Each structure stands twice: as structure tokens, then as C-alpha cells.
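Thanks for coming. Please have a look at it first.

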Amino acid sequence: MPAPPEVVLSHLLEPASYVGLNGLVVAVRDIREEEGSIAYTAIERLPVLGFHFHNALRVRVRSEEGGTRFVMEVGARGGVRVKVETDLAPAPEGSVADDTITLTAAAPVRSYARRQARAGQLQRARTLAARLA
């Protein structure tokens, strides 16, 4: 990414940054600080069978490892849980991010949730690079 790790981390910790970041989140609300993290509700607009469904996500974000790791935990309907751990490191062009995604979901929705999480994460990387250029 064309920005230093501290700039990337600051952007990721700001709930309003998520609107449009992965292409599905259209709003954030109920932002609050809880136990060393920032919690909020993100509204995701999902395409389902030709229609759009608004899904409220429970999100918690925090910084770890002295500001070199960003952790996001997301809970959605149907028991879907996603944890994204992003390790940030300086690089000559700005910074490099290494993501680890853990997804838990019931069998009927697991494949769909996995595809959505992957697509969202790839879009996040492209959007972050463009925003922070």
C-alpha cells in the first residue's frame, strides 16, 4: 500500500472508513468504545437472488502488537463469524499487509459466506490502496 503502516492502521480503526471499503458496507452506526476496542454496527447490502438484503453486522476493531496488527471481529446473522487479523509492516513503497481470515458458519451458508468474505477482502485491498495513494 502506498502509505506507511500507521496511516493504514488509523484508517482501518475509523468505522466511517468502512463505508464502501469492501463494496458491501453502505453505513455504520452505534459507534462506541468497549474494552480497548471500537465496536459498531455496519450495514451490509447483500445481493440475494436478484434482490438486495440489508444485513446488520456486529463489528469490533482494535490494534495489537504495538500498532503493527489490526484485528477485526464480525458477527452476522445465521451464526456467521469472521475474524480478520492484518499484520502491517513498512515497505519501500509504503507498507505491506498480510491478512489472516478465520470464518465460522453453519454448513448451509458456509460457501456463500466464504465467497463474500474473500471478495470483500480483495476489494478492501484495492480500495485501501486507492484511498491512501
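Before any residue is discussed, one set of terms: a residue is called buried under 20% relative accessible area, exposed over 50%, and partly exposed in between. Take D99 as the example: D99 has a relative accessible area of 30%, so D99 is partly exposed. Please also keep in mind that this is a predicted model.

Now try the terms on a few other residues. V7 sits in helix 1, which covers residues 5-13. With a relative accessible area of 37%, V7 is partly exposed. L24 belongs to the loop between helix 1 and strand 1. L24 has 13% relative accessibility and therefore counts as buried.

Is F51 buried or exposed? F51 is part of strand 3, and its relative accessible area is 61%, so F51 is exposed. F51 also belongs to a nonpolar patch on the surface, together with V48, L49 and F53. The accessible area of these residues together is about 450 Å².

Next, distances along the chain and in space. V7 and A133 are separated by 126 residues in sequence, but their C-alpha atoms are 11 Å apart. For L24 and R58, the separation is 34 residues in sequence and 14 Å between C-alpha atoms.

On to the salt bridges. How many salt bridges does a search of the whole structure find? The search finds 8. I will go through some of them.

One is between the side chains of R62 and E73, with 2.9 Å from N to O. R62 is in strand 3 and E73 is in strand 4, so this pair links distant parts of the chain, 11 residues apart. E73 itself is partly exposed, at 29% relative accessible area.

Another joins the side chains of R69 and E85, at 3.7 Å from N to O. Because R69 lies in strand 4 and E85 in strand 5, the pair ties together parts 16 residues apart in sequence. Are R69 and E85 buried or exposed? Both are buried.

R124 forms a salt bridge with D99, and the closest N and O atoms are 3.2 Å apart. R124 lies in helix 2 and D99 in strand 6, so this pair ties together parts that are 25 residues apart in sequence. The two partners fall in separate classes: R124 counts as buried, at 5% relative accessibility, whereas D99 is partly exposed, at 30%.

The last topic is the pocket. The largest pocket has a volume of about 650 Å³. Its lining consists of 34 residues. Those nearest its centre are E44, L57, V74, V82 and Q116. Strands 2, 3, 4, 5 and 6 and helix 2 each give two or more residues to this lining. Which element gives the most? Helix 2 does, with 8 residues.

What kinds of residue make up the lining of the largest pocket? By class, 23 are nonpolar, 7 are polar and 4 are charged.

That is where I will stop.

Methods. Residues are numbered from 1 along each chain as its sequence is written. This is a predicted model: local features need pLDDT of at least 70, side-chain atom pairs count only at pLDDT 80 or more; totals for chains, interfaces and linings use all residues. Side-chain values use heavy atoms; hydrogens and water are left out. On a 1 Å grid over the protein atoms alone, a cavity is a set of points where a 1.4 Å probe fits but cannot get out, and a pocket is an open set with protein on both sides within 12 Å along at least five of seven lines; lining residues have an atom within 4 Å of a point. Grid points are joined across faces, edges and corners, and a volume is the space filled by probe spheres set on the points. Helices (H or I, at least four residues) and strands (E, at least two) are DSSP runs, numbered from the N terminus. Ala, Val, Leu, Ile, Met, Phe, Trp, Tyr, Cys and Pro count as nonpolar, Asp, Glu, Lys and Arg as charged, and the others, Gly among them, as polar. Patches are made of residues with over 30% relative accessible area and no salt bridge: like charges are joined within 9 Å, nonpolar side chains (Val, Leu, Ile, Met, Phe, Trp, Tyr) within 5 Å. Accessible areas come from the Shrake-Rupley method with a 1.4 Å probe; for residues, only the protein chains shown count as cover. A salt bridge is a side-chain nitrogen of Lys or Arg within 4 Å of a carboxyl oxygen of Asp or Glu. Buried means under 20% relative accessible area, exposed over 50%, partly exposed in between (1.4 Å probe, protein chains only).
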